Amino acid sequence: MVRRNRDDWTEIALRALAEGGLQAVAIEPLAAQAGATKGSVYHHFPNREALLRATVERWEREHTEKVIELVESERTPQDKLRVLFSTVLDRGRKGSVEMALQAGAENDVIAPVLRRVTEKRLSYLTELFEQLGFDLEHAKKRALIAFSVYLGQAQMWVSLPGLVEPVLDEAVQVLIAK
């Protein structure tokens with residue numbers, strides 16, 4: 001059997017979350033799928049809740065904090081928005097994890113992380129729209145619209161692949177138009 005570390009288990013749990021939703025993050029089935037014993041999981045996490053918490057915190061780092069760092073390397077707010085949308089809607093970023101977390105938003109472990117991530121994303125988007133010349137009130141509204149567009153596109157990306165990709169640039173253009 002392969003020895004798994006904490007990062008391996010959170011990656012395995014992220015994949016399970018993407019493929020089967022919140023209920024798929026269960027220790028025994030994950031261990032069996034990974035060809036490991038459940039003791040291997042329990043070596044790193046005392047229970048399912050701890051595994052789930054570490055998994056969603058990893059998602060938060062990789063799909064919010066690291067994305068913002070990447071986007072900040074762009075020069076203009078328009079380029080930042082374009083890169084932001086193309087990055088978060090890239091198939092490799094596992095939009096289905098986002099959908100699974102949204103579906104599990106009432107879970108005691110997921111709720112605070114999802115709330116924190118949403119607030120951070122909306123705050124960052126508001127900053128970008130302010131950089132584009134919108135006053136704070138309108139920047140907040142555009143941020144909420146942009147985040148809603150993202151969630152809708154992420155859902156369509158999962159359920160209707162191929163439909164969203166052609167309109168990414170147009171979505172950004174609509175969002176930044178005054």
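User: What is the handedness of the crossing of α7 and α8?
Analyst: The crossing of α7 and α8 is right-handed, a term used if the near helix is turned clockwise from the far one by less than a right angle, anticlockwise being left-handed. This is a predicted model, in which local features need pLDDT of at least 70, side-chain atom pairs count only at pLDDT 80 or more, and totals for chains, interfaces and linings use all residues. Residues are numbered from 1 along each chain as its sequence is written, and side-chain values use heavy atoms, with hydrogens and water left out.

User: At what angle do α7 and α8 pack?
Analyst: Helix α7 (residues 110–131) packs against helix α8 (residues 136–159) at an angle of about 125°, and their axes are 8 Å apart. That makes α7 oblique to α8; angles under 35 degrees count as roughly parallel, over 145 as roughly antiparallel, 65 to 115 as roughly perpendicular and the rest as oblique. Helices here are DSSP runs of H or I with at least four residues, numbered from the N terminus. Axes are lines fitted to C-alpha atoms over the stretch in contact, with angles from 0 to 180 degrees between N-to-C directions.

User: Which residues of α7 meet α8?
Analyst: Among them are Leu122, Leu125 and Phe129 in α7, while the α8 side includes Ala143, Phe147 and Tyr150. Contact means heavy atoms within 4.5 Å.

User: Changing topic, is Glu60 buried or exposed?
Analyst: Glu60, located in helix α4 (residues 48–71), is buried, with a relative accessible area of 9%. Buried means under 20% relative accessible area, with a 1.4 Å probe and protein chains only.

User: Which residue's side chain does Glu60 join through a polar contact?
Analyst: The side chain of Arg116, in a polar contact of 2.8 Å. Such a contact is a pair of N or O atoms within 3.5 Å, where, within protein, one must be able to donate a hydrogen and the other to accept it; residues adjacent in sequence count only if both atoms are side-chain atoms.

User: What about Thr64, buried or exposed?
Analyst: Thr64, also found in α4, is buried at a relative accessible area of 2%. Not counting residues up to four places away in sequence, Thr64 touches Trp59, Val117, Lys120 and Arg121.

Methods. Helix = DSSP H or I, 4+ residues; strand = E, 2+ residues; numbered from the N terminus. Buried < 20%, exposed > 50% of the residue type's maximum accessible area, 1.4 Å probe, protein only.
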